[in-house]
Amino acid sequence: MNEYVIRFSIRQRIEHVCAMVLFVMLALTGFAQKFVQAEWAQWTIEAMGGIDRVRCFHRGAGVLFTALTVSHLVLGLIMVIRARAQPSIIPTRKDFHDAAMMMRYYLRLSDEQARFDRYDYRQKFEYWGMVLGSGLMIVTGFILCFPVLTTRVLPGEIIPAARMAHGGEGLLAFLVVITWHIYNVHFATDEFSFDSTIFSGKISLERMEKEHPLEYAQLRAEKEKREGTAEAFEI
Amino acid sequence: MACHGNPALSSKLQNGETISLYVDRNGFAHSVHGKFECVACHFDVSRVPHAAEQFVNRRAVTLRYYELCKRCHFQEYSRLLDGVHYAEIAKGNPRAPTCVDCHGAHAIAPPAKPRVLISRTCARCHSGVGAAYASSVHGRALTEENNPDVPVCTDCHDPHNNSNPLAASWHLNIPQLCARCHASKERMAKYGISTEVLTTYLNDFHGVTASLYRSEHKSPVEFTATCTDCHGVHNIARVDGASSPLIKANLLSTCRRCHPDASASFPSAWIGHYEPSPEHAPLVYAVKLFYLLFIPFVIGGLGLQIILHLWRIVVRR
C-alpha cells in the first residue's frame, strides 16, 4: 500500500521534535532537582557539571519551551482565524460519546467501535492535557525563577505552592507521556512498535480509513468532487 | 624542685625581659599530671644543675616547651598540625596558641570542668566572639544554669584540628553541624524544639543548593543561606525573642541581607521549618494533597484503559 496523505505539516513535525527534545531535557534536569536526595539525581547533577549548570540548562530549556508553546498556539489560532485550518482539535460532544462507546467496546458490552474524525478523543485529551499542563508549568516556572518580582504583587506563599505544583505537574506529565503516549504511539496502532507519522508526516490511506474514518470519508468526497486522480494527495 | 621551688628564681631573656622560672609545687601536685616526675616531660634533663639555655623572648620559650607534650599526647599534637592554629604558629604568628597557652604548663586542670571554662579559655583571645556567645541563647544557658545540652566553643570548633570557619566548605557544612544537636529528638524534646529543622531546610531551595555545593567539593558560584545566615552565628537568639532576626517584624530585613529588592510579602515565601499542613501553609498543603490524589487518579485511569484495550484486542478478540 503506497498511497498516503500528508497528515502533519512541516511546522507540526518540527514542533513535535522540538517539544520532544525539550521535554526530555526539562524532565532530566527537573527531576534531578525534584528528587535531589536520590543517588541517581546527585550523579546526574554531577555529570552535567554541577547544580548551577543544571539550573541554567533547565531554565534555558524552559524559555525555549515557552516560546514553542506560545508560537504553536498563536500560529494555530491565526491558521484557524484565516480559515487555513479546521479547529479539529477542539473537543466536541461527540468525543464524550466516543469515549463512552469505546469503553463499552473494551468491556465487551458492545462490538461497535466509535468512528473518529481527524483526532480521536484520546489524542484530544492528551493534546489539551499537554497545553494546560504546559501553561501551568510555564507560569509556576516563571514564579520560581523570579520569586522577588512575584512577591511584589502576590503573597509569599505562592512561591512554595508554585514549587509544589511545578514538581507535581511535571511528574504527572512525565508519567502520562511514558505510559499513555508511549503506549498509544508504539503499541496500540497497527504500526506496531513505532508510528512514524509525526516524523514523516505521512499516513497510509489504509490506516487513515481505519483510524480516522470520518476524516477519510470527507477526503474521499472532496477528491471525487475535484475528480482528481493523483496517486498521492494532500489535504 | 630544689631550685624551681624558689619563687625568686628567674632568668633574663635576650630581649631584656625577665622570666620567672618558679613552679608552684602545690599547683603541680593538684594538676592532672601531679603524680608524674618533672623528667617525665623534661626528659632531656639528666643532671642537676642542667645546662643553661638562651631564648630570644617568652614566645621562644613557649615554642620550645610545648613540643614536650607530643611525646604522650601525640594524637592531639598531630591533629593540631592540621588545624588553623598550627597554620598560624607555622607562619610565625606570635599570638597563635600552642598547647600550653590553652591548657597551662604545670597547673594543668581538666579543660572542661566545669564546661564554662572552655568558653572562657577561648575568649581570652577571641574576646569579640566570646562576648557574642555569652549573650546568646546557648551562652546564657551555659553560664546561668550550666546546661549540659548547649554547645560550648569546642563542640562546634574542634579544639585541635580546627578548620577555618570562614572557608566555604565550613559554611556549607553548618546544617550538619547544627543538626548534631538539633536533629536529636531526645535532646530537643526537653526544650520543645522541632527536630524537623534539618529536613525542612534541606528540602527547601537554600538547603538543596547548599547540600549540592557541599557534595561538589568546590567553591560555590553563588552564596546560599545556611542556618547561621538567618539565625546568627555566635549571637544566636531565641526565634521568638524581640531581638530575634527571625520574628515577623525583623524577618524582612533578614531576607534583604541577601535579597535586597525583597518586598514585604517576600518573607512568607519561606514557610518556616514546618511541613505544609492545613495550619501552616494551607495553600502549599492543598497543592500537595491535590497532586497526591490527582496523579494516581489520572495514571490509574489511563493504565486501566490500556489494560482494557489490551484485554479486548489480545485476549478476547
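This is a predicted model: local features need pLDDT of at least 70, side-chain atom pairs count only at pLDDT 80 or more; totals for chains, interfaces and linings use all residues.
Chain A contains 10 helices and 3 strands. Read along the sequence, these elements follow the pattern β-α-α-α-α-α-α-α-α-β-α-α-β. The C-alpha trace of chain A spans about 65 × 45 × 35 Å along its principal axes. Of the 235 residues in chain A, 24% count as buried. Among the contacts in chain A with a separation of 6 or more, 65% are accounted for by residues 24 or more positions apart.

One helix pair in chain A was examined in detail. Helix H5 (residues 121-145) and helix H7 (residues 158-186) of chain A pack with their axes 9 Å apart, at an angle of about 155°. Because angles over 145 degrees count as roughly antiparallel, H5(A) is roughly antiparallel to H7(A). The crossing of H5(A) with H7(A) is left-handed. By class, the residues in the contact of H5(A) with H7(A) are 11 nonpolar, 8 polar and 4 charged.

Chain B is divided into domain 1 (1-99), domain 2 (110-162), domain 3 (165-275) and domain 4 (280-317). The centres of domain 1 and domain 4 of chain B, taken over C-alpha atoms, are separated by 76 Å.

A helix pair in chain B was also examined. The axes of H7(B) and helix H8 (residues 127-134) of chain B cross at roughly 145° and come within 8 Å. On the side of H7(B), the contact is made by Ser119(B), Cys122(B) and Ala123(B). On the side of H8(B), Ser127(B), Gly130(B) and Tyr133(B) take part. The residues of this contact divide into 3 nonpolar, 3 polar and no charged.

Three loop residues of chain B are described next. Gly104(B) is placed in the loop between helix H6 (99-103) and helix H7 (116-123) of chain B. Gly104(B) has 15 other C-beta atoms within 10 Å and is therefore partly exposed. Between Gly104(B) and His206(B) there are 102 residues of separation in sequence, and the C-alpha to C-alpha distance is 43 Å.

Most residues other than glycine have a negative phi. Asn146(B), a residue other than glycine, has a positive phi near 50°. Asn146(B) lies in the loop between helix H9 (137-145) and helix H10 (153-156) of chain B. Asn146(B) counts as exposed because it has 11 C-beta neighbours inside 10 Å, and a residue with 12 or fewer is exposed. Ala281(B) is not a glycine either, and its phi is positive, at about 60°. Ala281(B) is found in the loop between helix H16 (248-256) and H17 of chain B. With 23 C-beta neighbours inside 10 Å, Ala281(B) counts as buried, because the cut-off for a buried residue is 20 or more.

The last part concerns the contact between the chains. Chain A provides 33 residues to this contact and chain B provides 34 residues. On the side of chain B that touches chain A, helix H14 (205-216) and helix H17 (282-315) of chain B are the elements that give two or more residues. H17(B) gives the most to this side, with 15 residues. By class, the side of chain B that touches chain A has 20 nonpolar, 8 polar and 6 charged residues.

Conventions: Residues are numbered from 1 along each chain as its sequence is written. Chains are lettered from A and ligands numbered from 1 in the order in which they are written. Two residues are in contact if their C-beta atoms, placed from the backbone, lie within 7 Å. Helices (H or I, at least four residues) and strands (E, at least two) are DSSP runs, numbered from the N terminus. Ala, Val, Leu, Ile, Met, Phe, Trp, Tyr, Cys and Pro count as nonpolar, Asp, Glu, Lys and Arg as charged, and the others, Gly among them, as polar. Domain bounds come from an automatic or database domain assignment. Axes are lines fitted to C-alpha atoms, for helices over the stretch in contact, and angles run from 0 to 180 degrees between N-to-C directions. Angles under 35 degrees count as roughly parallel, over 145 as roughly antiparallel, 65 to 115 as roughly perpendicular and the rest as oblique. A crossing is left-handed if the near helix is turned anticlockwise from the far one by less than a right angle, and right-handed if clockwise.
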